[in-house]
Amino acid sequence: MEVKDRKIEHINIVKKGGVEYEETSGWFEYVYLIHQALPEIDLQDVDTSVNFLGFKLKAPLIIDSMTGGSEETKEINKNLAALAHELGIGMGVGSQRAAIEDPSLADTYSVVRETAPDIFVIGNIGAAQLITYDIDKIKSAIDMIKANALAIHLNPLQEAIQPEGEPKFKGVLQKLAEVSKLINVPIIVKEVGSGISKEVAIKLKLAGVSAINVAGAGGTSWAKIEGVRAKKAKKMENYSLAEIFGEWGIPTAASIIEVRSVTDLPLIASGGIKNGLELAKAITLGADIGAMAGTVLKELLKNGYEKAKEMLSNTVNEYRLALFLTGSKNTSELKKKRKILLGPLAEWARQVGYI
Ligand SMILES: Cc1cc2nc3c(=O)[nH]c(=O)nc-3n(C[C@H](O)[C@H](O)[C@H](O)COP(=O)(O)O)c2cc1C
C-alpha cells in the first residue's frame, strides 16, 4: 500500500472512532489548579497570547501534526490552516514523506502556507525516514511549506504494529544531532501518543534539538489504529500485539513531569487534551503550549468547519477562564501558580523527583 493511501486509511479509522485510549486518560484529573476567589484582575484583561519559538500565538495552542499527501487530505489541511489562521494559533502538517518521495504531492502540504501565509507552521518527518534521508531531502520538507519549525516524530510502537511498518530506530539520535546543526529552523522532536520519558528528553537535549512535544497517552492510540489495519490485512500477529499494547504509554501529564524534571527546553503537551482547562493544567505542570490532533480532526470531519472553529474557540475561552480563576493575568503568571497533584500522578511525580 502506498504511503498516501495509508494516510487516508488512518483518517477514516480515526473518524470512525474506537481508537482512543480508554482505560488511560491523560491524567489531568489528578491535577488541581487552586481556585482564587480574589483574582484581582478583570476577566476581559486576561491575556491568552504567548510567544513560542519566537512566534506570537493568540493562545498557547497548536493543531498537531496530522495529514497531507492526497487530494482528500489536501482539503483537510486547507481547513485546518484556515482554522489556525482564524484562531491565531499554529499548526503542524502530517508526515511529508509522501511528497518528499513524490514531489507532485507537494501541494497537499503547501496548501497550508497558501491558505494561511502568516501562521506558525511545523513541517514533519518520521525518525524512520530521518535516518535514510540526506540533508537536502530534509530541507525540502521545510521549503515545501516555508516551515517555521520541523517536527521529527518518534513512533516505535506504531512502526512495530503497522503491517508494513519499519521499526528501525538504530542511529536516530546520532542523525538528529547532525541534522540539528545543519538546518536553520528549530527542530521539535515529538512522539505520536506514547509520551516522552526523562531518559529520552536528556538525550534529545544533548543532541541539540530545540523543543519537545510529549504527545503522551490519553488521546489517539496508534497501536489501536494500526491494530484495525492489521486485522483487515489479516496480519494476526500484529493484531494481537495491538490488543496488548493498545493502552501502552506514559500518560500526558506524567510525561510533562518526566521531561520537565530534566530539561528546560520549550515544551508542547499533546495527547488527549480535550479542553482549555486541561490545557491550563498541562501548562502548570511545565508545558509552554498544548496541541490537539484527533479531537479537532473528528470535529471537522463529522460536524464541519464551523463546529471545529467553535470547539477551538471554546478551548481558548476555557483557558482564559482558568487563568482568571487562578488569578493569572497571563500564561507566565499561570506557570508560577500552586497546584496540587493527586493519586497516581503524585506518586509518579515523587518517584521522578519532580516533587
Ligand atoms: C489522523 C492522525 C494522523 C497523524 N499523523 C501524524 C503524523 O503524520 N506525524 C506526526 O508526528 N504525528 C501524527 N499524528 C499524531 C498527532 O500529532 C498527536 O501527536 C497525537 O495524535 C496525540 O494527540 P491527540 O491525542 O490530541 O490526538 C497523527 C494523529 C492523527 C489523529
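Residues are numbered from 1 along each chain as its sequence is written, and side-chain values use heavy atoms, with hydrogens and water left out. Because the model is predicted, local features need pLDDT of at least 70 and side-chain atom pairs count only at pLDDT 80 or more, while totals for chains, interfaces and linings use all residues.

**Exercise 1. Find what lines the largest cavity, and state its volume.**

Step 1. Terms: on a 1 Å grid over the protein atoms alone, a cavity is a set of points where a 1.4 Å probe fits but cannot get out, and a pocket is an open set with protein on both sides within 12 Å along at least five of seven lines; lining residues have an atom within 4 Å of a point. Grid points are joined across faces, edges and corners, and a volume is the space filled by probe spheres set on the points.

Step 2. Searching the whole structure gives one cavity of 30 Å³ or more. The volume of the largest cavity is about 40 Å³.

Step 3. Its lining consists of Asn155, Leu157, Gln158, Glu191, Val192, Gly193, Ser194, Trp222 and Ala223. Two or more of the lining residues come from each of helix 7 (156-161) and helix 10 (222-232). Helices (H or I, at least four residues) and strands (E, at least two) are DSSP runs, numbered from the N terminus.

Step 4. Sorted by class, the lining has four nonpolar, four polar and one charged residues. Here Ala, Val, Leu, Ile, Met, Phe, Trp, Tyr, Cys and Pro count as nonpolar, Asp, Glu, Lys and Arg as charged, and the others, Gly among them, as polar.

**Exercise 2. Describe the linings of the largest pocket and the second largest pocket.**

Step 1. The largest pocket holds about 810 Å³ of space. It is lined by 45 residues, of which Ser65, Met66, Val192, Thr220 and Trp222 are the closest to its centre.

Step 2. Helix 1 (3-16), helix 7, strand 11 (289-292) and helix 14 (294-303) each give two or more residues to this lining. Helix 1 gives the most, with six residues. The class division is 13 nonpolar, 23 polar and nine charged.

Step 3. The second largest pocket holds about 430 Å³. Among its 18 lining residues, Leu154, Pro156, Phe169, Glu191 and Val200 are the closest to the centre. Helix 7, helix 8 (172-182) and helix 9 (198-207) each supply two or more residues. By class, this lining has twelve nonpolar, four polar and two charged residues.
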